[in-house]
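Dear colleague,

Please find below the structure that I am handing over to you. A short account of what was found in it comes after.

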Amino acid sequence: MNKKYLMTPGPTPVPEDIRLEMAKPIIHHRTKEYQAIFKEATEGLKKIFKTSNDLFTFTSSGTGAMEASIVNVLSAGDKIIVVRGGKFGERFGDIAKAYGVEVVPIDVEWGTGPDPEIIRDALKKNPGVKAVYTTLCETSTATVFNIKAIGEVVRAIDALFVVDAISGLGADEFENDKWAVDIAVCGSQKGLMIPPGLAFCSVSEKAWKAVETSRLPKFYFNFKKYKKAWLDADTPFTSAITLVIGLKKAIERINAQGIDSVIAEHGSQARAFREACKAIGLTVFSKSPSSGVTGVNTPAGMNADDLIKLLKTEFGVTFAPGQEHLKGKIFRCAHMGGIDREHTIEAIKALEMALSKSGHKFTIGAGVVAAEKIL
Ligand SMILES: *Cc1c(COP(=O)(O)O)cnc(C)c1O
């Protein structure tokens, strides 16, 4: 049986030591034993967020934490700015609209990040905006946004700064506190290399003030319930015990290496993959490529989804397709979480073979050579 390489930007492969940890017999969550695990996982995760703010864990996919970042700090009729440069920016807008929040969209071309000056202008034109919602890595376009620069614009005014770091955390540079992020959201199945099912929110002092005046309906995702439970290192509802046990192990791994070193490693894998693509005659889609995922344009006349299918069925390598108008035009290869150098080199080898089989002309092996020079 051939090995399988899961190269998608969520879920990402779960390393063996983490899987084995999660295979141990389940324990009860209202116990000292579990609370110590949950506490250690949370404290360790704060180092990865680079925050000393509160950090809550929900049993949900990442979108649950996105919803939490809206319902806990806003009221119906509030106005927010949402940066939309891909599917996930759009999702923030969609959730807000579902709750009767007025959305001022800042639409940026897919594959590019927003110019912070545009956000400054929008804030000037829309006094009273309650919050700015944006994305660290817009996974759908494999693009990293300049959160630091946007943070400098937002911190000058009274609005909250909310960042979807679901796929960016652990791969792209991120500084929750230094960049004045009020709420950052994350999910478990991307850079944190555990299965889907957990979502996280960091909450600043400034965000807590907004919690006090927020009137949107909320129950499961109510921050106040999580804050109260956290006094006993507990969760208000049954914890996803097994996933939290896996999370603790994953975080130990990341912090043992050091988050900056982990980010540098994913960055070099991403660079290696981009150089490999160029060496075999492909072009990278994004003008501001993320270290966690790369979007690649397929050669003219070649459907990306056909290439993805060939890679999966014949070579055991799973890439992600393009979304919306990029469907069939790009494929995406992740570099985050449990994806390591071996995965990256194997993916490049398979990509070369699949492209060659599909009739694309290039020097076989050139991609691997280009990647090895970087790795
Ligand atoms: C994956 C992802 C989401 C959605 O997370 P789910 O776990 O699928 O709910 C949101 N934002 C970004 C940037 C993502 O990469």
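The notes that follow cover the sheet, the nonpolar cores and the salt bridges.

This is a predicted model, in which local features need pLDDT of at least 70 and side-chain atom pairs count only at pLDDT 80 or more, while totals for chains, interfaces and linings use all residues. Residues are numbered from 1 along each chain as its sequence is written, and side-chain values use heavy atoms, with hydrogens and water left out.

The sheet. An open sheet of 7 strands shows mixed pairing and the order β2-β10-β9-β8-β5-β3-β4. Strands here are DSSP runs of E with at least two residues, helices are runs of H or I with at least four, and both are numbered from the N terminus; two strands pair if DSSP finds at least two bridges between them. Because β2 (54-59) and β4 (102-107) each have a single partner strand, they stand at the edges, and one side of each is left without a neighbour in the sheet. Within the sheet, β8 (residues 160-164) runs parallel to β9 (residues 183-187) and is joined to it by 3 bridges. V163 stands opposite A184 in β9.

The nonpolar cores. The largest core has 56 residues, and L45, F49, I147, L169, F174, L192 and F200 have the most contacts inside it. A core is a set of buried Ala, Val, Leu, Ile, Met, Phe, Trp, Tyr and Cys residues joined through side-chain atoms within 4.5 Å, where buried means under 20% relative accessible area, exposed over 50%, and partly exposed in between (1.4 Å probe, protein chains only). Helix α9 (residues 241-257) supplies the largest share of this core, 8 residues. Leaving aside neighbours within four places in sequence, L169 is in contact (heavy atoms within 4.5 Å) with residues including L45, F49, F174 and L192.

The salt bridges. The structure holds 18 salt bridges, each a side-chain nitrogen of Lys or Arg within 4 Å of a carboxyl oxygen of Asp or Glu. One of them links E117 with R120, whose closest N and O atoms are 2.8 Å apart. Both residues lie in helix α5 (residues 116-125), 3 residues apart, about one turn of the helix. E117 is partly exposed at 37% relative accessibility, and R120 is partly exposed at 33%. A further salt bridge joins E346 to K349, with 3.1 Å between the closest N and O atoms.

Yours sincerely
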